[in-house]
Amino acid sequence: MRLFAIDLDGTLLDSTHMISDRNAKAVKDRQKNRDIVVITTGRAAFDAAHLLRIHQLDCPIIGSNGAELRTEHEGTTIRKNTYVPLSESKAILDNLLKKNVYLQIYLEDEILLTFDAMDRLMKQINDEQRINPSFQADAFLQSVQPQLTQYGIREVTDFLNVDFAKIMKYMIVSPNATVLKQIQNDLSSQSCTVTSSGPFNLEVTASGSDKGIALQQFADWMGIPLTATIAIGDHHNDLPMFRMAGKSIAMGNADDTVKRLATDETGHHDEDGVAMALEMFCSIPLDLGGGQDGKYY
C-alpha cells in the first residue's frame, strides 16, 4: 500500500506512551520504500509532533481527530485547521461548564484547562468510588493519563478570555459513564462531531470533522486512491478512517466493536502490533508519485 494512516495512543504508542524501536523502524522502512505514513490522532498536532521528534520520526500529522493537518506537498507547507463554529462553540462550552467536568480546550498552539480541573477530577473519582465499589481509580487514571499529561497544556483561571473562533476541539474526561452519556445526548442538538478515544472521555470537534474526512482530503492532495490506503487504530474515533480506507486493521487491544468493523487484526500495542501490520502489508506496485522524503513538521 502507498498510504498508511496510524493512530497514536493504544496503537503506535505502547502503554508507557512511547514508540518502541521496532515500531519506529517499521515506519522508517515504509518511508524508505516511498510509502507515506500519516499519523492520525486525537492529540493536538503539536503534541503529536513532539512525540515524533523524541523518536526521530518525521511524518505528516492529522491531529485533533481530523481538525488539524500538518504536512508538506510539492514544496508547499500545509497547515489546515477546522474550527468549531463560533455560535456552536459558546453553546458547547456553556453545556460542559454546567456539568462541572474535567475539560480541555484545544487551540492551534496550546491546550487550555482551568487550574482547579485536576482537583475537580479527583473529587469525582472519590465520589465514583463511594457509589460504585467496583470502580478502580488506578485503572481509570492510567487510562486517561495521555489526556492529562499532554505536551503544551497551559492552566488558566477560567475560559473567559478564550478566542471562541479559534477552538478546534473540546476534550472531556469523567469517571462516570452516565455523565458522559448525558453530555453526548445534550450535544446531539448542536452542530458538532462527538467521538471518543477511550472509555472515559469525549472529544468534540466541528460538524463533519473526523479522521475519515481528513484522511480522504489528505489522500486526494497526495494523489493516492483510497483503495491504496491502510488505517490502523484501536478505538471509536478511528472508525471514520476505517470506513474510508481500503483496508482497516484493529489493534489486538482494540475495543470489540472496532475489531468487528475492521478488515484485519494485528497484535497488541505492547507487542509491536503496528510493526507487525506494516511488515505484513507491503506496498502495492503502483507508480503514484509522491513519497515521504520531506520535512513535515
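## Where α2 meets α11

In this contact, R22, N23, A26, V27 and R30 of α2 touch G273, V274, A275, M276, L278 and E279 of α11. Sorted by class, the residues of the contact are 6 nonpolar, 2 polar and 3 charged.

Helix α2 covers residues 21-32 and helix α11 residues 273-280; their axes lie 8 Å apart, at an angle of about 30 degrees. An angle under 35 degrees counts as roughly parallel, so α2 is roughly parallel to α11. The crossing of these two helices is left-handed.

What you are looking at is a predicted model. Its average pLDDT is 91, and 94% of the residues reach at least 70. One stretch calls for care: across residues 283-294 the pLDDT is below 50, although the model gives this stretch 30 contacts beyond near neighbours in sequence. Where pLDDT is low, the predicted coordinates should not be read in detail.

Among the elements of the chain, strand β3 (residues 61-63) has the highest mean pLDDT, 98, while helix α6 (residues 137-148) has the lowest, 86.

## The six-stranded sheet

Now turn to the open sheet of 6 strands. Its order is β8-β7-β6-β9-β11-β10, and its pairing is mixed. The edges are formed by β8 (153-156) and β10 (192-195), each of which pairs on one side only. On average, and with direction ignored, neighbouring strands here are turned by 25 degrees against each other.

Strand β7 (residues 111-114) runs parallel to β8, joined by 4 bridges, and I111 has I153 in β8 as its bridge partner.

Which strands does α4 lie across? They are β6 (102-106), β9 (169-173), β10 and β11 (201-206), and α4 runs at about 10 degrees to β9. Helix α5 (residues 117-131) also packs on the sheet, where α5 touches β6, β7 and β9; the direction of α5 makes about 145 degrees with that of β6.

On the α4 side, I92, N95, L96 and K99 take part, meeting Q182, I183, D186 and L187 of α7. This contact has 4 nonpolar, 2 polar and 2 charged residues.

Helix α5 pairs with α6 in turn. The axes of α5 and α6 come within 12 Å and cross at roughly 155 degrees, and these two helices are therefore roughly antiparallel. The crossing of α5 with α6 is right-handed. Here M118, L121, I125 and Q129 of α5 meet A137, F140, L141 and L148 of α6. By class, the contact of α5 with α6 holds 7 nonpolar residues, 1 polar and no charged.

Note on methods:
Residues are numbered from 1 along each chain as its sequence is written. This is a predicted model: local features need pLDDT of at least 70, side-chain atom pairs count only at pLDDT 80 or more; totals for chains, interfaces and linings use all residues. Side-chain values use heavy atoms; hydrogens and water are left out. pLDDT is the predictor's confidence in each residue, from 0 to 100. Contact means heavy atoms within 4.5 Å. Ala, Val, Leu, Ile, Met, Phe, Trp, Tyr, Cys and Pro count as nonpolar, Asp, Glu, Lys and Arg as charged, and the others, Gly among them, as polar. Two strands pair if DSSP finds at least two bridges between them. Axes are lines fitted to C-alpha atoms, for helices over the stretch in contact, and angles run from 0 to 180 degrees between N-to-C directions. Angles under 35 degrees count as roughly parallel, over 145 as roughly antiparallel, 65 to 115 as roughly perpendicular and the rest as oblique. A crossing is left-handed if the near helix is turned anticlockwise from the far one by less than a right angle, and right-handed if clockwise.
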